[in-house]
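I would ask you to look at the sequence and the structure first, and then to follow me through a few of the details.

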Amino acid sequence: MKGDTEDQVTPSANPNGRTKDQTGQLNDRTARAGVVAGAVLRGARLSAGISEASLAAASGVAEATVRSWEDGSSPLASLPLPRFEGLEAALGDAGADQRIIADLGAAAWCDLVIVAISGHEDATCLTADPVTSEDAFGELLAWSLAGRVPARYRPYAAPGPLFADSALIERVILALGATDARLAAACRAAF
């Protein structure tokens with residue numbers, strides 16, 4: 001059933017940054033480079049009502065690959081464009097919510113920005129990209145940092161941020177303040 005705890009995009013995070021996955025094992029949601037795109041991918045898959053195995057078969061990858069994309073350990077931002085487009089097509093063919101599929105690119109860009117900032121790199125070029133002015137980018141950034149779940153994800157996501165590490169969240173917001181005051185303000189407003 002959609003919205004059940006085990007079918008959610010990400011379980012609620014606890015203060016130490018660890019969450020329980022579907023099997024009850026703890027996952028570190030602070031160190032994953034593809035958490036935002038992984039949550040969006042999982043939301044798209046759940047909106048289609050298909051399993052990881054079905055998405056893997058439709059995408060021509062192993063089920064473990066889909067699992068690693070969804071848990072953020074293998075970031076979608078590192079996929080070659082043809083493979084990324086194939087994944088979007090497979091989701092579309094399966095009947096996934098088109099609004100969520102459309103968010104995959106913005107989500108991957110959110111991951112790039114967050115990883116750059118968490119690595120103390122200058123994210124000015126990344127935040128200057130036109131994708132950062134899209135509503136989806138701001139919504140996904142606010143969800144990942146402040147826990148404001150966009151309405152289209154609510155049937156599939158637990159409340160709360162995708163990242164639970166408060167130091168990481170503050171570092172990202174401070175860095176955004178230096179490079180893109182609009183994005184920093186949107187994230188602060190989400191709290």
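**The order of the elements**

Read from the N terminus, the elements of the protein chain follow the order β-β-α-α-α-α-α-α-α-α-α-α. That makes 10 helices and 2 strands, where helices (H or I, at least four residues) and strands (E, at least two) are DSSP runs numbered from the N terminus. This is a predicted model, in which local features need pLDDT of at least 70 and side-chain atom pairs count only at pLDDT 80 or more, while totals for chains, interfaces and linings use all residues. Residues are numbered from 1 along each chain as its sequence is written, and side-chain values use heavy atoms, with hydrogens and water left out.

Of the 191 residues of the protein chain, 47% count as buried. Buried means under 20% relative accessible area, exposed means over 50%, and partly exposed lies in between, with a 1.4 Å probe and protein chains only.

Let us turn to helix α2, residues 52-59. Which residues of α2 are buried? They are Glu52, Leu55, Ala56 and Ser59. These residues cover an arc of only 100° around the axis, and therefore lie on the same side of α2; the arc is that of the directions from the helix axis to the C-beta atoms. The buried residues of α2 pack against α1 (35-48), α3 (63-70) and α4 (81-94). On the face turned away from the buried side, α2 carries the exposed residues Ala57 and Ala58. Just after α2, Gly60 takes a positive phi of about 75°.

My next topic is a pair of helices. Helix α6 (residues 104-118) and helix α8 (residues 135-146) pack at an angle of about 55°, with their axes 9 Å apart. The contact, meaning heavy atoms within 4.5 Å, involves Ala106, Ala107, Trp109, Cys110, Val113 and Ile114 of α6, and Ala136, Phe137, Leu140, Leu141 and Ser144 of α8. By class, the residues of this contact of α6 with α8 are 10 nonpolar, 1 polar and no charged. Here Ala, Val, Leu, Ile, Met, Phe, Trp, Tyr, Cys and Pro count as nonpolar, Asp, Glu, Lys and Arg as charged, and the others, Gly among them, as polar.

Finally, consider His120, found in the loop between α6 and α7 (124-127). Phi of His120 is near 60°, a positive value in a residue other than glycine. Most residues other than glycine have a negative phi. Is His120 buried or exposed? His120 counts as exposed because its relative accessibility is 64%.

How values were computed:
Axes fitted to C-alpha atoms, helices over the stretch in contact; angles between N-to-C directions.
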